[in-house]
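Work through the exercises below with the sequence and the model side by side, and try each task before reading its solution.

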Amino acid sequence: MDRGIYLLLMLYACNKEPIEGTLKLQKLMFLLEKELIEKGKRLTSDFYYYVPYRLGPMSIDVYDEIETLTQYKLVDTRRIGEKTVYKLTDKGERLVRNVLKDNVLVAKILKEIEALKKKFNAMSDKELLRYVYSRYPMYAIRSEIKSLF
């Protein structure tokens, strides 16, 4: 299993609720790392590498991974207005269900991801950034908007 499973689980969580916006996708995956994976709740030995960037923590690996998952038709990405919306496809859902039925640990991690997604996906971008900047200030050092918080 590779780290792409985390993105698939994030998109599967909460009844496949889409993630609206690249900012939100990046921050959800960052919080997954900081609040679950670094606390020992992991499925793979590697995760995404984050750096402080213009809007806080950013990982080019997340962009690459989502592009790969889209090419394999596991994830649908659509531009709606000014945001890109990320959604699990039927093929992606089947893959996640197969992984879930064969792995108890994945099911446990999914419950944790669901709680995280439920809490943070409902936030506005501003609320989410405020949380990330206050909790992980070292990732806000290059932010172009940190003075707003």
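**Exercise 1. At what angle do the axes of α1 and α5 cross, and which residues make the contact?**

Step 1. The axes of helix α1 (residues 4-16) and helix α5 come within 8 Å and cross at roughly 75°, where axes are lines fitted to C-alpha atoms, for helices over the stretch in contact, and angles run from 0 to 180 degrees between N-to-C directions. Helices (H or I, at least four residues) and strands (E, at least two) are DSSP runs, numbered from the N terminus.

Step 2. The two helices are therefore roughly perpendicular to each other, since angles under 35 degrees count as roughly parallel, over 145 as roughly antiparallel, 65 to 115 as roughly perpendicular and the rest as oblique.

Step 3. From α1 the contact (heavy atoms within 4.5 Å) is made by L9, M10, L11, Y12, A13, C14 and K16, and from α5 by V106, L110, I113, E114, L116, K117 and K118.

The model is predicted: local features need pLDDT of at least 70, side-chain atom pairs count only at pLDDT 80 or more, and totals for chains, interfaces and linings use all residues. Residues are numbered from 1 along each chain as its sequence is written, and side-chain values use heavy atoms, with hydrogens and water left out.

**Exercise 2. What is the order of the strands in the open sheet, and which strands stand at the edges?**

Step 1. The three strands have the order β1-β5-β4, with antiparallel pairing; two strands pair if DSSP finds at least two bridges between them. β1 and β4 stand at the edges, each with a single partner strand, so one side of each is left without a neighbour in the sheet.

Step 2. Strand β1 (residues 19-20) pairs with strand β5 (residues 83-88) over two bridges, with I19 partnered by Y86 and E20 opposite V85.

Step 3. Strand β4 (residues 75-80) pairs with β5 over six bridges, and R79 stands opposite T84. These two strands form a hairpin with two residues between them, where G81 in the turn has a positive phi of about 65°.
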